[in-house]
Amino acid sequence: MKNKNLGKRLFQWSLLALALLLCIMISHVVKTEYLDRPTPPTKIKDTLEFKDSVLNFIFELRLDHPYIVYSQAIIESGNFTSNIWRENNNMFGMKMPERRPTLAIGISKGHAVYKNWKECIIDYALFQSSYLRELTEEEYFMKIGNSYAEDGSYEKKVRKERLQHSIH
């Protein structure tokens, strides 16, 4: 019994260490490559230039299924117009996580708050690495449809939005 519990604890500590290492690596990338660049003013958040920046950053972080992730950002932020997006820099409607590393700095209106939009995407990367790893595109759609949003038609909306961004 002790060996089983010890093995379980070692596995949990290994996962925690891996998540911490990922946070440190992402933090280094953000500090050296991204946060030194000026954050765009709020008024351009609805422009094509900004949307291209979001999609490019998703690709730069090498998130799985980038067009799905981008589609989620469009839907969750109301095409970058929602209050949660504007006030919290939260384009994914993320809540404050309880069991994984996060870059969120607080909670407002029941949602996580981020210093800037890039940290929000990095936090989504942490979420993805914790709960949505190694899934096919179809499995990814099913998982977010079942567990990401309260909207019963969320998966259908994301699929429709995704079709507008890529033929992949």
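A salt bridge here is a side-chain nitrogen of Lys or Arg within 4 Å of a carboxyl oxygen of Asp or Glu. I'm working on a predicted model, where local features need pLDDT of at least 70 and side-chain atom pairs count only at pLDDT 80 or more, while totals for chains, interfaces and linings use all residues. Residues are numbered from 1 along each chain as its sequence is written, and side-chain values use heavy atoms, with hydrogens and water left out.

**Entry: salt bridges**

I looked up the salt bridges and got 6 in the structure. I noted the general point that side chains of opposite charge can pair when their charged atoms come close.

I started with Arg100 and Asp123, whose side chains meet in a salt bridge at 3.0 Å, N to O. Arg100 sits in the loop between α4 (83–88) and β1 (106–108) and Asp123 in helix α5 (residues 117–131), so this pair ties together parts 23 residues apart in sequence. For element names I use DSSP runs numbered from the N terminus: helices are H or I with at least four residues, strands are E with at least two.

Are the two partners buried or exposed? Arg100 counts as buried at 9% relative accessibility, and Asp123 is buried at 0%. My cut-offs are under 20% relative accessible area for buried, over 50% for exposed and partly exposed in between, with a 1.4 Å probe and protein chains only.

I then listed what Asp123 touches, leaving out residues up to four places away in sequence: Met94, Arg100, Pro101, Thr102, Leu103, Ala104 and Tyr114. Contact means heavy atoms within 4.5 Å.

Next I checked Lys157 and Asp151, whose side chains form a salt bridge at 2.5 Å, N to O. Lys157 is partly exposed at 40% relative accessibility, and Asp151 is partly exposed too, at 30%.

Arg159 pairs with Glu155 in another salt bridge, with the closest N and O atoms 2.9 Å apart. Both lie in helix α7 (residues 154–163), 4 residues apart, or about one turn of the helix. Arg159 is partly exposed, with a relative accessible area of 26%. I also found that salt bridges with shared partners join Glu138, Glu155 and Arg159 into one network.

**Entry: helix packing**

Two packed helices are described by the angle between their axes and the distance between the axes. My axes are lines fitted to C-alpha atoms, for helices over the stretch in contact, with angles from 0 to 180 degrees between N-to-C directions.

How do α2 and α3 cross? The axes of α2 (residues 48–60) and α3 come within 9 Å and cross at roughly 140°. That makes α2 oblique to α3; I count under 35 degrees as roughly parallel, over 145 as roughly antiparallel, 65 to 115 as roughly perpendicular and the rest as oblique. On the α2 side, the contact is made by Lys51, Val54, Leu55, Ile58 and Phe59, and on the α3 side by Pro66, Tyr67, Val69 and Tyr70. By class I get 8 nonpolar, no polar and 1 charged. Ala, Val, Leu, Ile, Met, Phe, Trp, Tyr, Cys and Pro count as nonpolar, Asp, Glu, Lys and Arg as charged, and the others, Gly among them, as polar.

Then I turned to α3 (residues 66–76) and α6 (residues 137–147), whose axes come within 11 Å and cross at roughly 25°. That makes α3 roughly parallel to α6. Ile68, Val69 and Gln72 of α3 meet Glu137, Tyr140, Phe141 and Ile144 of α6. The contact divides into 5 nonpolar, 1 polar and 1 charged residues.
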